[in-house]
Amino acid sequence: MTVCVASRNQEAPSRPRCRGALPVQHEETPPSQEPPLLEVRDLQTTFDLTKTLSICAVDGVSFDVHAGQTLAIVGESGSGKSVTSLSIMGLLPKDVGRVSGGSIKLAGREITQLSDAEMREIRGKEIGMIFQEPMTSLNPVHTVGQQIAEMVIRHENLSKSKARTRAIEMLELVGIPEPARRVDNYPHEMSGGMRQRAMIAMALSCEPRILIADEPTTALDVTIQAQMLELMHDLQQKLGMAIIFITHDLGVVAEVADRVVVMYAAQVVETAGVEDIFRNPRMPYTAGLMNSIPRLGSSINKQRLQAIPGTVPALTSLPAGCRFHPRCAFATDICKGAAPQLEKASESHMIRCARWRELDLNERQAS
């Protein structure tokens with residue numbers, strides 16, 4: 001069923017490289033024989049706009065994340081990436097947003113039906129999160145040290161003095177100079193890069209098994225961004241945590257990810273290993289994102305970027321059939337009919353496109 005508007009009563013890394021480069025040729029992290037650390041199945045998240053009108057901001061999203069793995073979720077603004085992460089964290093706005101279907105299992109435990117108190121025990125301790133903009137995510141009236149200490153006092157029952165020591169240790173771990181002095185700084189007294197490091201320190205203070213990083217490098221310049229990516233990679237190796245990396249930046253995805261989930265208009269449209277999806281995109285939307293990456297030498301050859309025309313449709317007026325067809329250069333009448341389902345192209349590659357078997361998107365990219 002493709003209509004996303006529903007009634008309210010409906011049941012419910014190595015150093016970063018130049019942008020545009022392909023991922024480093026490394027072996028993809030093999031699927032673990034252990035059960036996934038996080039298992040999301042057919043997730044649906046609904047926002048109630050009025051008493052009679054609701055929109056489905058996440059529609060049937062499924063993926064697994066294993067320990068030590070980095071999963072990137074990519075797509076344009078409005079595709080449902082951040083809402084997916086907020087659904088996992090149980091941070092949807094009260095009385096407006098709700099998980100209306102599907103399952104989220106953390107280490108085999110269903111968490112969609114947990115109470116607020118039970119989710120508070122999971123947030124920070126089991127799943128940490130780095131939000132998009134640290135200046136608005138950090139509390140301006142408390143020092144950075146107080147905000148880190150609050151997390152460990154709650155989850156690990158440390159004394160205030162021991163919590164302060166832990167805060168200093170975490171600031172040192174993320175590379176903030178003079179951590180014993182910086183622990184008493186307020187957010188406005190830090191640079192953008194240092195605030196982002198402080199957010200990472202807070203998210204990792206209780207050593208969570210999963211870290212969700214929602215656009216963590218968007219507001220940073222390229223030098224600080226490179227440092228943040230290298231820091232997260234190093235901490236992942238030390239702590240063995242899984243990372244869900246949410247971004248619209250495919251250059252970052254090529255650097256950090258093991259697997260990639262591509263979202264468009266609230267749905268997953270393609271998912272595969274990072275090498276596979278960069279070298280062999282099978283869904284036109286994914287190929288369009290790849291074509292929009294600046295490449296070395298393109299300015300010399302006076303080549304224009306191949307931008308995707310149009311914008312992501314409003315969830316209140318989704319097109320019939322494939323949700324991408326109004327913007328797709330390959331769309332035919334079949335794309336305007338029945339909505340395509342996710343299909344297996346291989347054991348680890350899924351595509352939502354009615355024409356994926358007949359399209360040669362690599363040839364189009366080469367031209």
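Student: What kind of model is it, and how are residues numbered?
Tutor: It is a predicted model, where local features need pLDDT of at least 70, side-chain atom pairs count only at pLDDT 80 or more, and totals for chains, interfaces and linings use all residues. Residues are numbered from 1 along each chain as its sequence is written, and side-chain values use heavy atoms, with hydrogens and water left out.

Student: How do you describe two packed helices?
Tutor: By the angle between their axes and the distance between the axes. Axes are lines fitted to C-alpha atoms, for helices over the stretch in contact, and angles run from 0 to 180 degrees between N-to-C directions. Helices are DSSP runs of H or I with at least four residues, strands are E runs of at least two, and both are numbered from the N terminus.

Student: What angle do helix 4 and helix 7 pack at?
Tutor: About 20°, with their axes 8 Å apart. Helix 4 covers residues 144-156 and helix 7 covers residues 192-204. The two are therefore roughly parallel (angles under 35 degrees; over 145 is roughly antiparallel, 65 to 115 roughly perpendicular, the rest oblique).

Student: Which residues make the contact?
Tutor: Val144, Gln147, Ile148 and Met151 of helix 4 meet Ala198, Ala201 and Met202 of helix 7. Contact means heavy atoms within 4.5 Å.

Student: And helix 7 with helix 8, what's the angle there?
Tutor: Roughly 15°, and the axes come within 11 Å. That makes helix 7 roughly parallel to helix 8. On the helix 7 side, the contact includes Gly193, Gln196 and Arg197. Helix 8 (residues 222-239) brings Ile224 and Gln227, among others.

Student: New topic. Where is asparagine 185?
Tutor: In the loop between helix 6 (179-182) and helix 7.

Student: What does it touch?
Tutor: Thr143, Val144 and Met190, not counting residues up to four places away in sequence. Val144 is also in the contact of helix 4 with helix 7.

Student: Which side chain does asparagine 185 join in a polar contact?
Tutor: That of arginine 182, at 2.8 Å. A polar contact is a pair of N or O atoms within 3.5 Å; within protein, one must be able to donate a hydrogen and the other to accept it, and residues adjacent in sequence count only if both atoms are side-chain atoms.

Student: And where is arginine 259?
Tutor: In strand 10 (residues 259-264).
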